[in-house]
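Student: I am new to this structure. Could you take me through it step by step?

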Amino acid sequence: MNTTVSLLKTGRIKVRYPAEVVADDGTHVVVKAAWAGTSARDFGFVRFEEGDVFTEHYWRDRWYAVKEVRDGGGTLKGWYCDVTRPAVVGPDGIVVEDLDLDLWVSADEATVLRLDEDEFAASGLAERDPGAAEAALRALDELEGLAKAGLLTDLPGGAVAG
């Protein structure tokens with residue numbers, strides 16, 4: 001089954017792309033999608049480019065999404081984790097609101113990077129919605145803990161890898 005994933009930032013669509021639904025148990029939905037960028041993007045620690053395949057995990061009850069990234073040949077690049085409000089899944093697709101915080105975990109799990117904490121602080125979320133800001137920070141801490149414990153490939157509620 002095909003769907004559309006929409007990532008919102010401050011109420012506006014940041015990116016929208018087609019994806020194939022792999023599984024949906026009512027809480028956890030898994031989709032596969034090709035790199036949605038119009039060109040390659042080099043973050044310094046990873047490069048996303050045409051041919052990359054993302055296996056994306058969204059939860060209706062968790063404040064994050066986990067995206068396993070592989071190159072076109074199937075080699076694992078790592079996991080890009082977005083801190084988001086819980087996913088809304090409906091007839092128009094999957095909608096998630098990006099809360100600026102991210103985590104990168106290399107394929108060998110040796111590198112775990114917290115990203116965009118400065119953007120999060122500057123976003124004003126803590127003032128506008130303190131509860132959401134606290135949930136976002138807890139989610140980032142949870143993701144980092146899972147990564148450092150080697151558990152990112154087997155998250156509760158559904159395995160991430162494979």
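Predicted model: local features only at pLDDT ≥ 70, side-chain atom pairs only at ≥ 80, totals over all residues.

Student: How many bridges join strand β1 to strand β2?
Tutor: Strand β1 covers residues 2-9 and strand β2 covers residues 12-24. They run antiparallel. The number of bridges joining β1 to β2 is eight.

Student: Which residue takes a positive phi in the hairpin of β1 and β2?
Tutor: This hairpin has two residues between its strands. The phi in question is near 45 degrees. The residue is T10.

Student: What is the bridge partner of D24 in β3?
Tutor: Strand β3 spans residues 28-34 and runs antiparallel to β2. Four bridges join β2 and β3. The two strands form a hairpin with three residues between them, and G26 in the turn has a positive phi of about 100 degrees. The β3 partner of D24 is V29.

Student: How many aromatic pairs are there?
Tutor: Ring centres must lie within 6.5 Å to pair. By this rule, the count of aromatic pairs is 11.

Student: Is the pair of F48 and Y80 stacked or edge-to-face?
Tutor: The ring centres of F48 and Y80 are 6.0 Å apart. Their planes make an angle of 75 degrees. Planes over 60 degrees apart get one particular label. The F48 and Y80 pair is therefore edge-to-face.

Student: How many residues apart are F48 and Y80?
Tutor: F48 sits in strand β5, residues 47-48. Y80 sits in strand β8, residues 76-84.

Student: Are F48 and Y80 buried or exposed?
Tutor: Both F48 and Y80 belong to one aromatic cluster, which also includes W35, F43, F45, F54 and W104. As for F48 and Y80 themselves, each is buried.

Student: Which side chain of opposite charge is nearest to D102?
Tutor: D102 lies in strand β10, residues 93-106. D102 is buried and has no salt bridge. The nearest side chain of opposite charge is 6.3 Å away, and it belongs to K14.

Student: What is the length of the polar contact between the side chains of D102 and Y80?
Tutor: D102 touches several residues beyond its sequence neighbours, among them Y80, L113 and R114. With Y80, the side chains make a polar contact of 3.3 Å.

Student: Why is A122 called exposed?
Tutor: A122 is found in helix α1, residues 117-122. A residue counts as exposed over 50% relative accessible area. A122 is exposed because its relative accessible area is 69%.

Definitions and conventions:
Residues numbered from 1 in each chain as written. Heavy atoms only, no water. Phe/Tyr/Trp six-rings, centres within 6.5 Å; stacked < 30°, edge-to-face > 60°. Buried < 20%, exposed > 50% of the residue type's maximum accessible area, 1.4 Å probe, protein only. Pairing = 2+ DSSP bridges. Lys, Arg positive; Asp, Glu negative; His and termini not counted. Salt bridge = Lys/Arg side-chain N within 4 Å of Asp/Glu carboxyl O. Polar contact = N/O pair within 3.5 Å; in protein donor to acceptor, adjacent residues only side chain to side chain. Contact = heavy atoms within 4.5 Å. Lists of a residue's contacts leave out its neighbours within four places in sequence.
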